[in-house]
Amino acid sequence: MDYENIIRSLNVEIKKLRRSVAPFLFRAKKLHANASMPPSKCIGRKKITNNREKTGKKPGGQ
């Protein structure tokens, strides 16, 4: 047996499998609906900014 040929053929097979799996991994990273991480911690999520003007008063009340 020629081990170098076996290793080359296995490396080619690994590259083919990685190419076929890559789109699924990319899509899985984007979907957070079924993940254990909350949507607020999702990568690429746009943060909502505060539009309110400050009044100068202390927080809390009553």
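The protein chain exposes about 7,000 Å², of which carbon and sulfur atoms supply 58%. This is a predicted model, and among the 62 residues of the protein chain 2% count as buried. The secondary structure of the chain comes to one helix and zero strands, and the points below concern residues placed in or around that element.

- A search of the whole structure finds one salt bridge, and Glu 4 forms a salt bridge with Arg 8 in which the closest N and O atoms are 3.8 Å apart.
- Glu 4 counts as exposed because its relative accessibility is 52%, whereas Arg 8, with a relative accessible area of 48%, is partly exposed; the two fall into separate classes because exposed means over 50%.
- In general terms, side chains of opposite charge can pair when their charged atoms come close.

**Nonpolar surface patch**

- Tyr 3, Ile 6, Ile 7 and Leu 10 make a nonpolar surface patch of about 420 Å².
- Ile 6, one of the residues of this patch, is found in helix H1, which covers residues 3–30.
- Ile 6 counts as partly exposed because its relative accessibility is 34%, and that value passes the patch criterion of over 30% relative accessible area.

Technical notes
Residues are numbered from 1 along each chain as its sequence is written. This is a predicted model: local features need pLDDT of at least 70, side-chain atom pairs count only at pLDDT 80 or more; totals for chains, interfaces and linings use all residues. Side-chain values use heavy atoms; hydrogens and water are left out. Patches are made of residues with over 30% relative accessible area and no salt bridge: like charges are joined within 9 Å, nonpolar side chains (Val, Leu, Ile, Met, Phe, Trp, Tyr) within 5 Å. Accessible areas come from the Shrake-Rupley method with a 1.4 Å probe; for residues, only the protein chains shown count as cover. A salt bridge is a side-chain nitrogen of Lys or Arg within 4 Å of a carboxyl oxygen of Asp or Glu. Helices (H or I, at least four residues) and strands (E, at least two) are DSSP runs, numbered from the N terminus. Buried means under 20% relative accessible area, exposed over 50%, partly exposed in between (1.4 Å probe, protein chains only).
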